[in-house]
Amino acid sequence: MFFSFELLLEALMFGVLLGCFYTAVSIGLSVSFGLLDVPHVAHPAIMVLGSYATYIVASQGLDPILSGVLLMPVFFVLGVLVYRFYYESFERRGTEAGVRGLAFFFGLAFIIEIGLILVFGVDQRTVEAAYIGESLELGEYRIPYRMLVAFGVALVLTFSLTLYLSKTFTGRAIKAVAQDEPALRLMGANPVRIKQWAFGIATGVSALAGALLIIVGPVEPAIDRLYIGRTFCIVVLAGLGSMTGTLAAGLILGIAESMVLMFFGASWAPAVAFGLLLLVLGVRPQGLFGR
Amino acid sequence: MSSLLQVKKVSKHFGGFTALSEVSLDIAQGERFGLIGPNGSGKTTLINCISGTLRNETGSIVFEGREVSRLPAYQRTRLGIARSFQVPRPFASMSVLDNLLVPYEYVEHLKEADAGKQAMDILQRIGLAAKAHAQSNQLSQVELRKLELARAMAARPRLLISDEAMAGLSGAEVDEVLKILFDLNASGITVIMIEHIMQAVMRFSQRVVCLDAGKIICEGTPAEIVKNADVQRAYLGA
Amino acid sequence: MRFWICAAVLAAASFGLALSPVNEYFFYAAYVVLTFVVLATAWNILGGYAGYVNFGTPAFFGIGAYAATLLFKSLGAPLAVQIAAGALMGGLLGFGVGMLTLRLRGIFFAIATVAVVFIMETLMINWRYVGGATGLQLLRPEVIAPFENYIRMLFVVMAWMGIAGVAIARYVQDSWIGRGLRALRDSEEAAEACGVPTLKLKLFACTVMGGLMGAAGAPMPMYLSFIEPASTFNLNYTIGALGGAIIGGMSHWLGPIIGALLLGSLQQIVTVTISGEVNVLIVGVLLVLFVVLAPEGILGLLKKIMPRSR
């Protein structure tokens with residue numbers, strides 16, 4: 001372990017970029033699990049599905065980000081359907097839903113992952129774009145353009161979603177349904193339709209997150225297992241339901257992982273998210289800005 | 001009469017919302033105590049803090065001379081505090097009789113054979129004996145409320161808290177449940193009753209406290225409470 | 001009493017089978033299926049009885065395998081000691097994870113169990129003494145008479161472990177502990193209000209589950225003559241244990257046995273004829289189907305078809 005200020009700064013910069021990317025990847029879960037309390041362990045799997053969908057669309061010649069954006073409405077519909085199915089099968093029936101809901105999403109994640117393996121094989125897939133492969137040179141440091149793109153999109157996503165949830169009527173209804181469903185019913189709004197809509201948005205966002213994922217690095221079907229740790233770590237650390245918390249938590253994880261990668265090596269980096277998750281659960285389970 | 005339960009300046013917050021604000025009560029051994037207040041005034045939160053389902057942030061709760069605020073709920077039940085739940089929470093996978101066996105096993109540490117007989121006694125008294133072997137998730141709302149009370153009784157408490165046990169009951173059923181509570185009290189059990197059915201609370205209670213927005217706004221005999229302007233305002237609006 | 005007679009008969013039968021001239025392949029396959037019987041049975045003690053979902057079966061299974069490897073490599077410990085060590089480490093891990101997260105909602109416990117799998121895998125990847133990422137080759141000791149070879153002996157070991165595991169699950173289920181677990185599964189708040197020490201019971205179930213899974217993992221390195229992190233800490237073990245219990249039926253100790261036998265046999269057939277991936281896909285689909293349509297599992301379906309039994 002060789003310590004120098006330049007290395008530290010480089011790890012820090014990379015960590016910030018990585019952290020914003022992780023935020024983009026987790027923000028859908030912040031809505032589906034953080035606000036709606038859905039035990040959505042299939043979130044990373046759906047995101048990886050988004051990556052492969054982006055791969056297919058982008059192979060027609062389209063820019064990957066554009067592909068991701070085009071896929072958002074498709075994934076929105078998918079999200080609505082998944083939530084509806086979940087609600088009708090479990091949430092409506094109450095009590096015993098806990099085990100079954102978790103098992104359902106776990107089974108779904110496995111089905112998606114294996115489905116992807118059967119269709120695409122286990123090899124890694126990548127996409128091509130002008131900004132992938134090139135780096136920005138700032139003095140001594142080289143920042144990969146693709147990380148900057150991911151950073152930018154992530155910030156746009158986070159701020160748009162935060163604004164949506166606090167400024168629009170539907171957005172505030174979504175936050176309200178998380179806190180006080182009976183009151184919402186009294187106001188004449190239908191909580192199920194609101195949750196459905198929110199879950200759809202979360203899934204649509206995951207499509208774009210999937211596009212970012214395949215831009216930032218190669219993707220293979222089992223990569224969702226690693227991202228369960230990262231996304232849940234961030235959502236729990238943030239505090240359930242806090243969008244800005246998600247950004248803060250994402251940055252913390254990104255920097256932590258980057259530091260470990262730089263000073264301890266790649267074989268330790270995957271455990272950072274999981275370790276941080278356990279730490280948060282043990283010490284402060286309500287997270288930074290918890291409800 | 002000696003003090004059984006002392007609630008001293010108990011507060012409870014949920015995020016930015018204050019559910020209880022420095023609530024203090026002193027309940028004597030053997031008393032019949034009524035707790036009223038509009039919806040959302042904090043009655044159930046107070047009960048949850050007393051029974052241990054929730055932890056109060058400030059203040060203390062003393063039961064039979066012993067500080068219990070830091071004890072988990074199951075230990076408070078074993079010390080003698082039992083409560084029914086406002087929204088019934090039956091053990092849905094078990095029969096009605098088995099529901100009662102849980103407190104018998106865990107509070108009384110009775111063997112199943114002895115417990116079974118005593119449980120049937122309680123079911124007889126409360127009118128659920130015919131349904132003893134029915135799945136508890138097959139019961140009607142009214143029967144579920146009775147089961148809640150029966151389960152609290154099975155814990156052989158010294159303090160029984162009944163949280164809206166009579167909601168939805170007919171006049172005759174209300175009388176039935178009142179009689180059971182009177183009998184329990186006569187055998188030495190202190191009872192706290194939370195109810196919206198005013199005539200039940202007034203008939204039953206020796207003392208009544210009215211909560212509104214997390215604070216006690218009035219305390220006295222049923223007659224005094226009914227005449228109190230603050231209480232009327234709380235229920236009917238300003 | 002009937003149970004113990006059946007248990008004794010099965011124990012004797014497995015022993016006899018191991019000495020008979022049955023095809024070697026049977027013992028290889030049966031060992032794996034029996035492992036899943038133990039894993040599903042163990043999983044159900046916490047998952048079915050208490051309602052807390054463990055996604056981290058590989059962590060408990062794996063810590064048993066690596067504990068056994070460590071003792072074998074450093075001290076040449078016999079199999080019995082390895083299994084004891086596996087059970088101990090699995091139990092400790094169960095207790096530890098439980099202490100950390102069983103106070104919280106079920107989903108936090110579930111995610112924490114996933115975290116433990118990856119952390120354990122990372123730790124083993126970076127520990128060269130037990131093989132690191134590339135793994136470790138192990139030389140099996142001489143097999144003890146009267147067994148013809150080591151695999152036959154492992155088959156009997158796993159069969160007896162299965163019987164022991166089921167006996168433990170049955171004891172927990174029928175005892176006052178079982179009633180307390182069912183109560184806290186149905187309504188944790190009501191259980192506490194009835195005097196049930198919910199955290200203690202959950203910790204107990206989690207520890208027993210971990211110990212059984214660790215014991216099941218201990219003979220694995222001897223079975224394979226090899227151990228390495230990636231395949232040991234594979235999440236496929238999760239779906240086997242969880243799937244076996246849910247598909248079989250979570251409310252009774254018979255459920256996981258039925259589920260594991262079914263999934264285990266399915267795995268043997270499908271993996272050989274089609275592919276390993278298709279097998280996992282089928283299990284995943286079955287899991288979702290059962291969870292949505294038949295939550296009581298195969299046992300529940302049988303109860304509906306045969307109203308007068310049980």
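Biologist: Which side chain does Glu88(A) meet in a salt bridge?

Modeller: That's Arg84(A), at 3.3 Å from N to O. A salt bridge here is a side-chain nitrogen of Lys or Arg within 4 Å of a carboxyl oxygen of Asp or Glu. Bear in mind this is a predicted model: local features need pLDDT of at least 70, side-chain atom pairs count only at pLDDT 80 or more, and totals for chains, interfaces and linings use all residues. Side-chain values use heavy atoms, with hydrogens and water left out.

Biologist: How far apart are Glu88(A) and Arg84(A) in helix H3?

Modeller: Four residues, so about one helical turn separates them in H3 (residues 64-89) of chain A. Helices are DSSP runs of H or I, at least four residues, numbered from the N terminus.

Biologist: OK, what about Glu257(A), which partner does it have?

Modeller: Arg230(A), with the closest N and O atoms 2.9 Å apart. This pair links distant parts of the chain, 27 residues apart: Glu257(A) sits in helix H10 and Arg230(A) in helix H9 of chain A.

Biologist: And is Glu257(A) buried or exposed?

Modeller: Buried, at 5% relative accessibility. Arg230(A) is buried too, at 10%. Buried means under 20% relative accessible area, exposed over 50%, partly exposed in between (1.4 Å probe, protein chains only).

Biologist: Switching to chain B, what does Lys179(B) pair with?

Modeller: Asp183(B), at 2.9 Å between the closest N and O atoms. Lys179(B) is exposed at 53%, while Asp183(B) is partly exposed at 34%.

Biologist: How many salt bridges are there over all chains?

Modeller: A search of the whole structure finds 22.

Notes: Residues are numbered from 1 along each chain as its sequence is written. Chains are lettered from A and ligands numbered from 1 in the order in which they are written. Helices (H or I, at least four residues) and strands (E, at least two) are DSSP runs, numbered from the N terminus.
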